[in-house]
Amino acid sequence: MALRIAVLASGSGSNLASILRGIEDGKLDGQVVLVLSNKPAAYALERAKAAGIATWARAHKEFASREEFDLALVRAIQDAGADTVVLAGYMRILTPAFVRAFPGRILNIHPAILPSFPGAHGGKDALDYGVRLTGATVHFVDEIMDNGPVIMQAAVPVRCDDTLETLMPRIQAMEHRIYPQALQWLAEDRLRVEGRQVRLLPPASGTPAASASCGENEHGPWMVSPALEKF
Ligand code: GRF
């Protein structure tokens, strides 16, 4: 079923752009109905406006509490008729009340292989630690930051001469493929959460082979699991 997506972003919005591209290319069955931000100057809002998408932006400091701010977000998302909430560089911890308002319908992307390097600086923390492989994770959101069940992950090798400036674009390039892919699986109603496991159901007939869902497809083994299908 086509998703009605609300995107929460605090920054540049390159993941928002990848989702819009997926929709425009006919690969992602959905519509972004609202882009919200706690940073009125976020470039993500400019991208939304350029695409003719409604925006909601309020500085969180204008609100008496974290709860009040989040309740305003919930109202705006509900008023827009969104059924799916996509965190795309939203740099603010959500309250339990927000998470409970959209059970099983909030996704996040994190620039590291969770559960390693959670938090606001996943990319830098992994590089500083000296890992040789890092990457990106798409996961369902629960009440603990960067903790919910993992939908998919992409691995990105760290080169010996990498700096944050050279590594992050390679991580983001994978983010821009796995986030729309995970959302398309949600649209196809193929994700089943069983405890911490997220099971990917085979595609309906007429789409690529069911074996694609276990980590390999006709393109060979990927360092993306489950394997990409369309992105
Ligand atoms: C991404 O790297 C994402 O993993 C993290 O914040 C960044 C947002 O980038 N949560 P953008 O605003 O989508 O360009």
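I started with Phe117, which is placed in the loop between strand 5 and helix 5 (helices are DSSP runs of H or I with at least four residues, strands are E runs of at least two, numbered from the N terminus). Phi of Phe117 comes out near 55°, a positive value in a residue other than glycine. Pro115 is in the loop between strand 5 and helix 5 too, and I found a cis peptide bond joining Leu114 to Pro115, with omega about 10°. I noted both because most residues other than glycine have a negative phi, and most peptide bonds are trans.

A reminder to myself: this is a predicted model, with pLDDT of at least 70 needed for local features and 80 or more for side-chain atom pairs, while totals for chains, interfaces and linings use all residues. Residues are numbered from 1 along each chain as its sequence is written, and side-chain values use heavy atoms, without hydrogens and water.

Next I looked up the ligand. Which residues are around the ligand? I listed Gly11, Ser12, Gly13, Ser14, Asn15, Gly89, Ile109, His110, Pro111, Gln172 and Glu175 (a heavy atom within 4 Å counts as near). By class, that shell has two nonpolar, eight polar and one charged residues (Ala, Val, Leu, Ile, Met, Phe, Trp, Tyr, Cys and Pro are nonpolar, Asp, Glu, Lys and Arg charged, the others, including Gly, polar).

Then the polar contacts (N or O pairs within 3.5 Å). The side chain of Ser12 has an N or O atom 2.8 Å from a ligand oxygen. Ile109 uses a backbone N or O atom, 3.0 Å from a ligand nitrogen. For Gln172, a polar side-chain atom is 3.0 Å from a ligand oxygen. I also checked cover: the protein hides 86% of the 370 Å² of accessible area that the ligand has on its own (Shrake-Rupley, 1.4 Å probe).

Last, the pocket. The ligand sits in the largest pocket (more than half of its atoms lie within 2 Å of the grid points). Helix 1 (14-24), strand 5 (106-110) and helix 6 (164-187) each give two or more residues to the ligand shell. The largest pocket has a volume of about 830 Å³, the space filled by probe spheres set on the points. Of its 37 lining residues, Gly89, Tyr90, Met91, Ile109 and Pro111 are the closest to the centre (1 Å grid, 1.4 Å probe, an open set with protein on both sides within 12 Å along at least five of seven lines, lining atoms within 4 Å of a point). Helix 6 supplies the largest share of the lining, four residues.

Key:
A polar contact is a pair of N or O atoms within 3.5 Å; within protein, one must be able to donate a hydrogen and the other to accept it, and residues adjacent in sequence count only if both atoms are side-chain atoms.
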